[in-house]
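Reader: I am new to this structure. Please show me how to read it, one feature at a time.

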2 protein chains.
Amino acid sequence: MSKKLDAITSRSEDFAQWYTDVCKKSELVDYSSVRGCMIFRPYGYAIWELIQKQLDQRFKATGHENVYMPMFIPESLLQKEADHVEGFAPEVAWVTHGGHEKLEERLLVRPTSEVLFCEHYSNIIQSHRDLPKLYNQWCSVVRWEKTTRPFLRSMEFLWQEGHTAHATAEEAQEETLRMLDTYVEFCKNVLAIPMVFGQKTEKEKFAGAKATYTIESLMPDGKALQSGTTHNFGDGFAKAFDIQYTDKENKLQYVHQTSWGVTTRLIGAVIMVHSDDNGLVVPPRIAPNQVVIIPVAQHKEGVLDKANELLEKLSKNIRVKLDQSDKSPGWKFSEHEMKGVPIRLEIGPKDIENNQCVLARRDTGEKIIVSLDNVESEIERLLDEIHHNLYEKADKYLGEKTYIATTMEEFSKILEETPGFIKAMWCEDEKCELEIKEKTGATSRCMPFAQEKIADKCIVCGKDATKMVYWGKAY
Amino acid sequence: MSKKLDAITSRSEDFAQWYTDVCKKSELVDYSSVRGCMIFRPYGYAIWELIQKQLDQRFKATGHENVYMPMFIPESLLQKEADHVEGFAPEVAWVTHGGHEKLEERLLVRPTSEVLFCEHYSNIIQSHRDLPKLYNQWCSVVRWEKTTRPFLRSMEFLWQEGHTAHATAEEAQEETLRMLDTYVEFCKNVLAIPMVFGQKTEKEKFAGAKATYTIESLMPDGKALQSGTTHNFGDGFAKAFDIQYTDKENKLQYVHQTSWGVTTRLIGAVIMVHSDDNGLVVPPRIAPNQVVIIPVAQHKEGVLDKANELLEKLSKNIRVKLDQSDKSPGWKFSEHEMKGVPIRLEIGPKDIENNQCVLARRDTGEKIIVSLDNVESEIERLLDEIHHNLYEKADKYLGEKTYIATTMEEFSKILEETPGFIKAMWCEDEKCELEIKEKTGATSRCMPFAQEKIADKCIVCGKDATKMVYWGKAY
């Protein structure tokens, strides 16, 4: 039982293979015989449950309520909003038969649920007293993707979709930005991932939205990952679905709507941003096990008793696991390293004699010896420290990999040699945006709220620039 | 604002309409344009979340882990277990197209996920060290039903499905009965619903199971509601899917499997068993709001302050809501009565003067005056009392409506005049079971573990009886 886990591909050698290895070897996912659909194994799903719980608290604290809508959408319902159907129809799964019968109207499996929420809102909203409606749904959705990768792009994925209806355009805009802020704060304080955020260009916005906002993270291969979006729909959907209310003056008005969502893709971001050649690194606040206790020389008298005593003591406020299997300590070390448990607690006969234990950090590898008298508070302090260290490391990387370009030559050179985010000026003409994409493969990621005037002219056409944009290659 | 809510149909007048009225008027559900699929509104979904949370705790406490499997199943995978495909193929939704392309192989939307779990288990189980696998999944499933009713029968419904794999037949049987016990205990202690439970007959068992066990509750119209099932699969699926492990002697063995599930149908049971002509009655332990505070004469100085103070105080351990809208107290009373909030707390200027408030029970209508000094403990006591009262009432009803029949004449008379459960002897011949169904519309509900010999002969054919069975008409 002393053999070590198989090593995984090194990150610098083959990033894509490293990512797949981490996903599989840390037992987050498995493949199924359904093309493009993945299985969330217990460890992967436990991370999603912790993400869900902490996001859901934030949604409820801001007045949102959970609902559940059908997973099917009649084709005719999708067609009510022209841009929306155009955006989604090419990538949906169609149900054509129920039992042995052919359906009169095809149903699509929801790729997103705007039209169902709109139909429902048109039924339940009558008066200004019924507003706002602040609904959210946790579910799975399907998009018929050609190429898929665990967490990052799959035919079916898990997500939350918020859908709200408001009396005024101002309230809808506030909500759209409030939820963007919520996402940024959550990613920072829970996932330890810094985000670049701002508005999407017209070309990149959501099918049917008036404005789309995004949070974008930067992966270690220099590619951007769109990690969540919020949309202001204005009254476009309200007009298509006739969602009207009588205001205080008894006049009929259209509601203003928003939607916003994050997906299991966030787990993909966590894996890529924090992990290393020894496997997964899970940030403490979403770690299914924050601490694993590994008894050393566990056959010796008193060791397992002490380990169990520690387990019970720590379990009150910490997610802790005791590994008392008959594998060797070395095997256990590398197994829990692969699974990215933030802290390994080692305890053996000598430690017990000295009333101490060893804490080993997954993020830095550093080991410290602590007294058993204050092990609990030391672990809590250390978990916070690990969280902050992971965030700082990611933030430093983001800073280093964010460049400025004022000519297309610079732009292309950066993308080829040191890929990352590129800040460059733009005239807001879609032609220039397309030209960048065609020539370099980079797309506009967002127009940040904090605009800097890094040049006067559009980097493509040389005309007057109106927006500073973050560009990059993306997943 | 003094108008009352529209009354609902009385339960004794039209039970089916009463049920639909309660579902709609208490804002649990709404219909959608998708035939047979319902919308869980915030109040209905909040009840499901409380059911989920308390079941999930029980699953995790018994060592189960959550996973997530794809929602699609390739047709060929379903066909691997003969009985299983025969049972489910007639009632599934078929996906035939992805985007604009026709699929080479049809996919079905999961009606249940046995085959996906089996395929996964065959990949991840190698050694006796990998056993047992105790997995559970929370998701929605689809069955192509002709006639549908909110919660009781719908094309798509929410549920949990446990799927486990064990080294021995004994362990699988223990698991099957452990989860049945868990369901019975949960229904008693959380939903306040007494269950009759036992084994299903061969005819009524799950497609592919060796043995199926069931919990059955009795509705106020005398019909039984199958409320949850657990299945022992033996090694049938293991052989069809080649799920083998090497035992301690290094020999290849097939695993033994179970599955078990409860659905949002439980909410239907709660509604029917506890509610009345004034609307919904929600048992305290799944009530989204256990207490609603209604300020009386709220415009008077100090009333809203006191109400808010109470809200804050009670919020620590109780799910409490303050209704300070500008509706009249009378309107609020009937609104929260319709929604089945267990306790209404009234507080007005006179109450404040006397350092007291009024607690009104939803289950009995009884009002008591309590001192503000111990309102918290009084409410906690009262919530427990309401729970027990609801359970006792339902249990008394179940006892009264459980009959014994020794002849088919008695059997038919009971079903016509005072429908409920009928205990009668059976010879275990499927012909007799079918004859009862054809002649009376009743089906075998279960063969209880606690067998009573109420007669020697089968009630149908007069041959020697081997089993006492609960019979009844069912949803």
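Author: We start with a definition. A salt bridge is a side-chain nitrogen of Lys or Arg within 4 Å of a carboxyl oxygen of Asp or Glu. Keep in mind that this is a predicted model.

Reader: How many salt bridges does that rule count over all chains?

Author: The count is 68 salt bridges over all chains. Take one of them.

Reader: Which polar links cross between the chains?

Author: There are 29 residue pairs in polar contact between chain A and chain B, both residues at pLDDT 80 or more. The salt-bridge rule finds six across this interface. One of them joins Asp326(B) to Arg129(A), with the closest N and O atoms 3.1 Å apart.

Reader: What does S5(A) pair with?

Author: For paired strands, look for the partner, the direction and the bridges. S5(A) pairs with strand S5 (residues 93-98) of chain B. The sense is antiparallel, over five bridges. Val95(A) stands opposite Val95(B) in S5(B).

Reader: Let us go inside one chain. What domains does chain A have?

Author: The assignment gives domain 1 (2-274), domain 2 (289-384) and domain 3 (402-472). The centres of domain 1 and domain 2 of chain A, taken over C-alpha atoms, are 38 Å apart.

Reader: How many residues of those two domains are in contact?

Author: Eleven residues of domain 1 of chain A contact ten residues of domain 2 of chain A. The buried area here is about 980 Å², with 66% from carbon and sulfur atoms. One residue pair is in polar contact, both at pLDDT 80 or more. On the domain 1 side, the residues in contact split into four nonpolar, two polar and five charged.

Reader: How many salt bridges cross between these domains?

Author: The rule finds one salt bridge across this interface. As for individual pairs in chain A, Glu27(A) forms a salt bridge with Lys339(A), the closest N and O atoms being 3.6 Å apart.

Reader: Next, sheets. In what order do the eleven strands of the open sheet in chain B run?

Author: The order in chain B is S3-S7-S8-S14-S11-S10-S9-S22-S23-S21-S20, with mixed pairing. Strand S3 (65-66) and strand S20 (402-404) of chain B stand at the edges. Each has a single partner strand, so one side of each is left without a neighbour in the sheet.

Reader: How do S22 and S23 of chain B run, parallel or antiparallel?

Author: Strand S22 (residues 443-448) and strand S23 (residues 467-472) of chain B run antiparallel, joined by three bridges. Thr443(B) stands opposite Gly472(B) in S23(B).

Reader: Last, the backbone. Which residues does the cis peptide bond in chain A join?

Author: Leu131(A) and Pro132(A), with omega about -5°. Pro132(A) is in the loop between helix H5 (114-124) and strand S7 (133-142) of chain A. In chain B, the peptide bond from Leu131(B) to Pro132(B) is cis, with omega near -5°.

Reader: What is the phi of Asn355(B)?

Author: Phi is near 55°, a positive value in a residue other than glycine. Asn355(B) sits in the loop between helix H11 (349-353) and strand S18 (356-361) of chain B.

Terms used
Residues numbered from 1 in each chain as written. Chains lettered and ligands numbered in written order. Predicted model: local features only at pLDDT ≥ 70, side-chain atom pairs only at ≥ 80, totals over all residues. Heavy atoms only, no water. Polar contact = N/O pair within 3.5 Å; in protein donor to acceptor, adjacent residues only side chain to side chain. Pairing = 2+ DSSP bridges. Helix = DSSP H or I, 4+ residues; strand = E, 2+ residues; numbered from the N terminus. Domains from an automatic or database assignment. Contact = heavy atoms within 4.5 Å. Buried area = accessible area lost by both parts, 1.4 Å probe. Nonpolar A, V, L, I, M, F, W, Y, C, P; charged D, E, K, R; others polar.
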